[in-house]
Amino acid sequence: MEAFFERPQKPARAWARWLTVFALAVLYSLACWFAFSTTAGNWGLVWNYRVTFLNGWLLTIGVSAAALVLSTLIGVLAAIARRSSFLPLRYSAAFYIETIRGLPLIVLVLAGFYGVANALHWDDRISAGIVILSLFSGAYISEIIRAGVESIGRTQWDSARAIGLTTVQTYRFVVFPQVLRQSLPPLAGQFSSIIKDSSLLSIIGITELTFSAQQIASATYSTLACYLPLGICYLLLTVPISLWTKWLEKRVRFES
Amino acid sequence: MRIELHNLSKSFGTTHVLVGVNLDITFDHTLALVGPSGGGKSTLLRLLAGLDVPDSGSIRVDGVEIGSSESALRIYRREIGVVFQAYNLFPHLTALQNVILPLIHVHGLASEQAETRARAVLNRFQLSDHSGKQPGQLSGGQRQRVAIARALAIDPKFLLLDEPTSALDPEMTAEVLDVIAELRESGKPLVLVTHEMGFARHTADLVAFVAGGKIPEHGPGEAFFESPSSPEVRRFLEKILKY
């Protein structure tokens, strides 16, 4: 019990760490093997569909990257609007942010595509999907940016005004460079969220990774052989981002 | 330099910081604003800097009234230098870039011209070795000297300093006060809010006592400290000179 709660006085030895990792890897692999070896089935059959899988993976990356750019733009504009002294703009931004953050993404995808996009005769699923995902993520990014902007002290604004900068110049030369450096770790984390959230676009028939995996699964009747690689493909994208985020966090901490 | 205040008032919410202040003073070089904390010194300096707008009354500097619209104030602010207590510098820029920024983007200098001028000013304050460092790598005293250099580089009409040493330890305070004293030679008028009474006494041509939202007394440095006429100033000086 004590080993569970007590914090170590000094870091564990290198060999102990490697041995633990190795032993756990063997243990968990065996556990998986006994659990799934009878049901895993048709790896060979699924292998025939590897191109579909790869295309889905590339589309997931493409959609996520496009959504990242667009949602950053939306997030920055919403964060500025949220602080505007022009009330209609400020309230619109607050309404947008609070509404989106209160909705599950799946509701937004369904309502956005079958409700709004269809009414507008916007039939291109991919672009509609990117916009819906960006609107969703943009609300969270605007909160990240807003927290960053609010962390810039009053003296910085005073100094900027005192030397004669305009508000736009103050944002450009003083506020955003500092906000960016601070917000980069949470923004990288948000990118990881976008990649994971893009899987929900499968419900409106965008042939991204999850959709492709589902199609292959129903064509080959082998679920685990499809969904296990599916998970690994997401991890291949999100784990490096997570490591990068940790590295960024460390760097920001050292600088300040 | 001449400063005229007419019936100047400023409140923040229900706190009346300045209450109908009237003043007409002319001085050659240094005006020191002294007085108890919360008495209105810093607020008065912010009004003089064009960073805040008075609720009523007017300010004339060298005969010209300070406007009240943000665009008029911005033009006014361009021509003066302001140094705050701390955190004046932009932490993501080097000392040199801090000085260059207003030269290029506010005063329209070409980048080579701006750099030459910025290096000259930093050199004058013995900061050449630190020009490539970011504020986080500088000591508090060095940071305030860079801030003074940035304020001076634009060739302002006058300088406003709001307790520039109050966040520093005694050694660094001396280092910054040396620089401020040296500014006397440059001939730029300066208005200084300070708690350093010894410094105010020795360098200020004129000392104004700001307390309770008013200016009950002002006068030449020596006379102000030797023979204050108002009871408020006497009480204040007794209290702070006790130790």
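Tutor: Two residues are in contact if their C-beta atoms, placed from the backbone, lie within 7 Å. This is a predicted model, where local features need pLDDT of at least 70, side-chain atom pairs count only at pLDDT 80 or more, and totals for chains, interfaces and linings use all residues. Residues are numbered from 1 along each chain as its sequence is written, with chains lettered from A and ligands numbered from 1 in the order in which they are written.

Student: OK, how many residues of chain B are in contact with chain A?

Tutor: 16 residues of chain B, against 17 residues of chain A. On the chain B side, α2 (70-78) and α3 each supply at least two residues. Helices here are DSSP runs of H or I, at least four residues, numbered from the N terminus.

Student: And at what angle do α3 and α5 of chain B pack?

Tutor: About 25°, with the axes 9 Å apart; α3 covers residues 95-105 and α5 residues 140-153. Axes are lines fitted to C-alpha atoms over the stretch in contact, and angles run from 0 to 180 degrees between N-to-C directions. So α3(B) is roughly parallel to α5(B) (angles under 35 degrees count as that).

Student: Which residues of α3(B) make the contact?

Tutor: Ala95(B), Asn98(B), Val99(B), Pro102(B) and Leu103(B), meeting Val146(B), Ala149(B), Arg150(B) and Ala153(B) of α5(B).

Student: New topic: what is Leu160(B) in contact with, beyond four places in sequence?

Tutor: Leu45(B), Leu48(B), Ala49(B), Ile80(B), Val82(B) and Val191(B).

Technical notes. Angles under 35 degrees count as roughly parallel, over 145 as roughly antiparallel, 65 to 115 as roughly perpendicular and the rest as oblique.
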